[in-house]
Amino acid sequence: MELKVNHQLDLNDWENFISNSPFNSPFQSPAFYKFINSLATYKAYVFSIVEQNNIQALCLVTIQKEKGIKGFFSKRAIIYGGPVFTENKEAADYLLKNISKNLKGVIYIETRNFYDYSGYKKVFELNGWQYEKYLNFHLDCSSEQIAQQNFNSNRKRQIKKAFSSGVELEEVRSINEVEKYYQILYALYKSKIKKPLPPLSFFEKFYESNLGKILLVKFKDKIIGGIVCPILKNQSIYEFYICGLDAEFKDQSPSVMATYAAIQYGFKNNLKRFDFMGAGKPDEDYGVRDFKAKFGGELVEHGRFVKINNKALYAIGKSALAFLKKTK
């Protein structure tokens with residue numbers, strides 16, 4: 001078996017490999033690799049294991065950190081969607097070993113699984129990764145009828161009321177609209193979510209890419225919410241970043257309508273599933289999970305794998321994040 005990294009990997013081979021895999025996602029694609037590496041504050045690496053000219057395992061890793069001194073305490077590696085494996089467990093093992101070997105400078109490495117990796121759990125554990133339970137919702141959006149029949153009565157009422165009041169759902173049409181969306185998202189993260197948020201350039205570059213869509217909620221020509229949605233062609237649409245001016249526009253339910261905008265895009269464009277991209281840990285109260293549950297998707301627990309390279313800095317980072325969430 002041979003390790004190939006970044007430019008050593010043939011793009012057509014890469015694309016063909018992931019497109020035929022049950023672990024496929026837009027976050028493991030050449031397009032996402034190009035997108036991440038177009039950003040000044042991010043870096044992406046792709047690792048692949050090749051045997052007899054055939055890819056046997058592949059993983060795109062995104063390196064993230066905050067600006068300034070915060071970067072020392074926040075440098076992390078995120079594997080969105082999870083690695084793309086075959087049934088070759090030896091290749092999976094070799095891939096994980098090489099990821100760890102080549103990413104020693106990060107505090108921790110984390111997979112955010114979109115699929116069931118239980119068959120590879122032992123391989124992860126033997127390489128020093130810990131499994132953490134984490135929930136998610138998958139919603140069937142293959143048709144309008146199927147999607148809406150899962151909504152609870154309150155969601156149906158909110159959507160009907162919002163449309164009746166004059167709410168419109170549209171795709172972003174300009175960089176200026178991206179900036180207005182980002183202003184709402186930034187305020188939300190600063191006041192409530194209190195987690196790291198990518199800079200405006202991240203969303204501008206996403207808009208200019210072919211990775212997916214940014215969908216907006218408008219009321220009287222004003223942007224009151226929106227959602228960033230990576231798309232896996234003919235398969236899935238994902239909730240990446242979402243926001244809404246819910247307090248200011250109660251009758252319009254911007255966050256609900258932003259979610260519905262993605263679901264609507266799904267059934268209008270032959271996509272089978274809306275992936276909420278996370279619903280928290282099962283043993284913790286999580287208001288976002290309650291919000292998402294009212295759309296009636298299937299609750300799944302595919303979890304996350306975490307490999308901690310620097311326990312001291314990892315503990316400091318977790319404590320700092322917990323402190324920020326408690327402060328107003």
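Here is a short chat about the aromatic pairs and lysine-over-ring contacts in this predicted model.

Biologist: Hi! What should I know about the model before we start?
Modeller: It is predicted, so local features need pLDDT of at least 70 and side-chain atom pairs count only at pLDDT 80 or more, while totals for chains, interfaces and linings use all residues. Residues are numbered from 1 along each chain as its sequence is written, and side-chain values use heavy atoms, with hydrogens and water left out.

Biologist: How do Phe 32 and Tyr 80 pair?
Modeller: Their ring centres are 6.2 Å apart and the planes meet at 85 degrees, so the pair is edge-to-face. Phe 32 is in helix H2 and Tyr 80 in strand S4, 48 residues apart.

Biologist: Is Phe 32 buried or exposed?
Modeller: Phe 32 is buried, at 3% relative accessibility. Buried means under 20% relative accessible area, exposed over 50%, partly exposed in between (1.4 Å probe, protein chains only). Tyr 80 is buried too, at 7%.

Biologist: And what about Phe 137 and Phe 276?
Modeller: That pair is edge-to-face, with 6.1 Å between centres and 75 degrees between planes. Phe 276 is buried at 0% relative accessibility, and Phe 137 at 5%.

Biologist: New topic: which ring does Lys 43 lie over?
Modeller: Lys 43 lies over the face of Tyr 45, 5.7 Å from the ring centre. The cut-offs are NZ of Lys or CZ of Arg within 6 Å of the ring centre and within 35 degrees of the ring normal.

Note on methods: Phe/Tyr/Trp six-rings, centres within 6.5 Å; stacked < 30°, edge-to-face > 60°. Helix = DSSP H or I, 4+ residues; strand = E, 2+ residues; numbered from the N terminus.
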